[in-house]
Amino acid sequence: MSLTGGCQCGAVRYAIEGEPLGFARCHCTDCQRQSGSAFGLSLYCVAEEVSWQGDLATFESVAESGNRVQRRFCSKCGVRMYHDGGGDYISIKAGTLDPGHELEPRAEIWTDSALPWVPLIEGVPRYERQPPDQMELRTAWTAWRRGQTLAFYDENAADYAAYSDATEAHPRLARWIDTLPEGARVLDLGCGTGWAAAQIGRAGFDVRAMDGSRGLAEEALQRHGIEVEIVDFAELSEKAAFEAVWAFFSLQHAPRDRMPDHLRRIWEATTPGARLFLGLKEGTGSLRDENGRLYTFYGEAEIARRLEHGGFEIVKVDRGTGRGFDGQPSDNLYVEAVRG
């Protein structure tokens, strides 16, 4: 599910290759003027993850926030395309997105100049003026987007279990288990239907299974007798509780900007020398598939750098191919690392 858009006359087109960082309705008077309406729609994206075609002109000014902003627009029809305020993102004017994206703003900003007849969105962060930073705004967006992925697994748990559940011992897991110390406490993070947790338990290890999907947790209990703790990656709070973590194609569903925090939490949850196994799809950027699931792709150099920054050292990288629930082929990375 790619995000694309363009101007009114079609001379300018763009494609968003990565997962957006956030989405807000902006009620500042600048956005009211440039949109000719009650508010502007701001989709925050990493500039390098958006490709453009066509000629863009620039109007530079000082925003109500006091920041100098480059406002880019189509040189032919004049439609505003995006703003660049010099931060770690650009603000795409989301009214230019092609139909069918199903995105919803998850923040309200500059509400002190909102028109009185415009009702504000319930249950999202609100800021009277410019937010001091985007942390809360991005967290709310990530939670909503992750909810789309979890909704797929909750609603299709039985069908997904029939596709993914391993009836025989998985050879990669078996080889990894052989590297673990006797009696190791193991976390199956993003355990899905629980097949890996069951295999780890049969090997004699103390295993805990965590996943964000209640539907998959029910399948794990029915199929393998595995009691799954319903935990989001960002809620992992254990300290020095595990000697090993198995994260088999689970962290691929997290936005790229969340990976450092997830690795920090895994580091804190493990003991020195703990073993970590990651299954990831190989590539660049990110996308949402036809089922609404987020996939974040990694190359070997990037994941090595992120693991090193997170306090882990890679000891082995394998590659393979696979085919997903949606039938799409993939190139995969299998990464083994040790906690420092």
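Mentor: Two strands are said to pair if DSSP finds at least two bridges between them. The model we shall read is a predicted one.

Trainee: How many bridges join strand β8 to β9, and which residue stands opposite I92?

Mentor: In general, the strands of a sheet pair through backbone hydrogen bonds, and they may do so parallel or antiparallel. Here, two bridges join β8 (residues 80-84) to β9, and the two strands run antiparallel. Y82 is the residue opposite I92 in β9.

Trainee: What links these two strands, and which residue takes a positive phi?

Mentor: β8 and β9 form a hairpin with five residues between the strands. In this hairpin, G86 has a positive phi near 85°.

Trainee: Which strand do four bridges join to β9?

Mentor: That strand is β4 (residues 40-45), which runs antiparallel to β9. L43 has I92 as its bridge partner in β9.

Trainee: Which way do the side chains of β9 point, and are they buried or exposed?

Mentor: I90 and I92 point one way from β9 (residues 90-93), while S91 and K93 point the other way. All of these residues are buried.

Trainee: Why does R25 count as buried?

Mentor: A residue is called buried under 20% relative accessible area. R25 has a relative accessibility of 10%, so R25 counts as buried. R25 belongs to strand β3 (residues 22-26).

Trainee: What does the side chain of R25 reach?

Mentor: The side chains of R25 and E108 are joined by a polar contact of 2.6 Å. The side chain of R25 also reaches the backbone oxygen of P119, at 2.9 Å. Leaving aside residues up to four places away in sequence, the residues that R25 touches include F39, L41, V118 and I121.

Trainee: In what order do the seven strands of the open sheet stand?

Mentor: The order is β13-β12-β11-β14-β15-β19-β18, with mixed pairing. β13 (228-230) and β18 (312-323) stand at the edges with a single partner strand each, so one side of each has no neighbour in the sheet. From one strand to the next, the twist averages 20°.

Trainee: How many bridges join β15 to β19, and what is the bridge partner of R275?

Mentor: Seven bridges join β15 (residues 270-281) to β19 (residues 329-339), and these strands run antiparallel. The bridge partner of R275 in β19 is V338.

Trainee: Which strands does helix α7 lie across?

Mentor: Helix α7 (residues 259-269) lies across β11 (185-189), β14 (242-248), β15, β18 and β19. The helix runs at about 145° to β15.

Technical notes: Residues are numbered from 1 along each chain as its sequence is written. This is a predicted model: local features need pLDDT of at least 70, side-chain atom pairs count only at pLDDT 80 or more; totals for chains, interfaces and linings use all residues. Side-chain values use heavy atoms; hydrogens and water are left out. Axes are lines fitted to C-alpha atoms, for helices over the stretch in contact, and angles run from 0 to 180 degrees between N-to-C directions. Contact means heavy atoms within 4.5 Å. Buried means under 20% relative accessible area, exposed over 50%, partly exposed in between (1.4 Å probe, protein chains only). A polar contact is a pair of N or O atoms within 3.5 Å; within protein, one must be able to donate a hydrogen and the other to accept it, and residues adjacent in sequence count only if both atoms are side-chain atoms.
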